[in-house]
Every structure is written in structure tokens, then in C-alpha cells.
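Please look at the model shown here before reading on.

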Amino acid sequence: DYIMTAEPDIVPVQIVERSNPYGRVSRIVLPDSSRVWLNAMSTLSYPEQFDDNSRMVTLEGEAYVEVQPDASRPFVIESGPVSTHVTGTSFNVKAYEEDGLVEITLKSGSVDVHSEEEGVTRSLQPDQKIAWKQQEGLGEVRSVVAEDVISWIHHEFVFVRESFATIARTFERWYGVEFIFEDRAIEEEQFVYHFKDLSLENSLRIMKQLADFDFEISGRKVFVRASPE
């Protein structure tokens, strides 16, 4: 006799989404025991359980990841136009959409960074960084101090020859404010600066000693302008 068998139930993949507001860093343990530190104004999406072939997560914003080694299941972090492929390593991905920039920094192990649109893949070694920019694609691999790049997980920030505009974007995510520059030259001023657990006002006061500008904090807005002659 012919016996009808029921179709096996297809269990939909449950996606977990974790987001941080401004000023918050959270630590997440993934289903494979990989660890993620998620920065302010960032979102990480991942399946409740990884499948047998791959471990894929999606990032908007910035995260530092320590991947649990598993050669049979590559770990892939998708961040807009760039995906980073690893088996077991620690690395940082910064991919805030409004920056038009994706930066990958390797602390240990090795990673392959792939740009789908260009069909280009580049490999990183520890203390190396690569950036993808709109209109430019993947740039050249360059040397950095990875510990400085990931200092944010300890609520520290190390800026080495970064523009005021770049620092301001970090401050916006950290303190929940909006910077309004009234002078383009100040916006492009570069700083070497290290701070930890400082208030926004104290941070700006220190920077003011390094460059000639005035600032005014009004509610959630920060106005920056040239000092009067």
C-alpha cells in the first residue's frame, strides 16, 4: 500500500538583532561561543543557531570580534559592500553607513576582506588595516597598532592624525549630540589625541588647547567656530 508521508516541517531561521544606543558598548556571545563587543549606535544581526556550513552575521556600525576557531565553518561578517572571512581570529570592523567608509583592522590570526562589487579580495596580517571607500573601493593594506583601534571596548579612544570631523562623528555616537561646524578649516584640523571616560566638555577643552577654536554646547547641539582674532 502507498502511505502518504507528511512533508518535514521547515523551521524558519530565527534572527537575533542586538542594537546599542549612543554611549554604550555591549558584549555578545554568539551561538558558536565567538565573542563580540558592539560599539555605540551599532546593530549586529545573527541567527539563533549557525548552520553546519557557515557562520554569517551582519553588522551596521562598529564591532570587535574574537572568533571561535572552526575551520569547517568559515565565519563571515557582512558590512554593507564588504564581507570579512575568517576561521578563527580577532578583528575590528567599522562600518557606519553615514561615513561612506568600511574599515577592517586585524589584531590576531588572518582575514580575507572581499568587495563583491569589485570582485577583489585582500588578505590582512596582524596590525594591518584596510579601508573601502565609496567611489574608490578597497584601498591598500597599511600598518596600524590594532590595540589603539580597539581601545573603544575599554571606553578609550586613541586618535592618531585624525580630522576634527572624524573625531566629531565618534563624539556624536558616544555622547548623543550633533556637531555643527561653522568653519571648514577647523573641521579638517588634525589631532593626535587619547581620552578615557571624559565628559564631552572636558574632551573639547583639551582639544581647544591643541587648536584654535571656540565651541558652544547647546542642548544636543555642539557649535564649533573659529576663535575671534
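In sorting residues by class, Ala, Val, Leu, Ile, Met, Phe, Trp, Tyr, Cys and Pro count as nonpolar, Asp, Glu, Lys and Arg as charged, and the others, Gly among them, as polar. The model is predicted, so local features need pLDDT of at least 70 and side-chain atom pairs count only at pLDDT 80 or more, while totals for chains, interfaces and linings use all residues. Residues are numbered from 1 along each chain as its sequence is written, and side-chain values use heavy atoms, with hydrogens and water left out.

A pocket is an open set of points on a 1 Å grid over the protein atoms alone, where a 1.4 Å probe fits, with protein on both sides within 12 Å along at least five of seven lines; its lining residues have an atom within 4 Å of a point. Volume is the space filled by probe spheres set on the points, which are joined across faces, edges and corners. The second largest pocket has a volume of about 190 Å³. Its lining of 13 residues, with Gly80, Pro81, Ala95, Tyr96 and Glu97 nearest the centre, divides into 7 nonpolar, 4 polar and 2 charged.

The largest pocket has a volume of about 950 Å³. It is lined by 37 residues, and Lys94, Glu103, Lys129, Arg142 and Glu162 lie nearest its centre. By class, this lining has 14 nonpolar, 9 polar and 14 charged residues. Strand 15 gives the most to it, with 7 residues; strands (E, at least two residues) and helices (H or I, at least four) are DSSP runs numbered from the N terminus.

Strand 15 (residues 156-163) also holds Ser163. Ser163 counts as buried because its relative accessibility is 16%, the limit being under 20% relative accessible area with a 1.4 Å probe and protein chains only.

A nonpolar core joins buried Ala, Val, Leu, Ile, Met, Phe, Trp, Tyr and Cys residues through side-chain atoms within 4.5 Å. The largest has 30 residues, and Phe171, Leu204 and Met207 are among those with the most contacts inside it. Helix 2 gives the most to this core, with 6 residues.

Which residues of helix 4 (residues 200-210) are buried? They are Leu200, Ser203, Leu204 and Met207. Seen down the axis of helix 4, they fall within an arc of 95°, so they line one face of the helix; the arc is that of the directions from the axis to the C-beta atoms.

Key. Buried means under 20% relative accessible area, exposed over 50%, partly exposed in between (1.4 Å probe, protein chains only).
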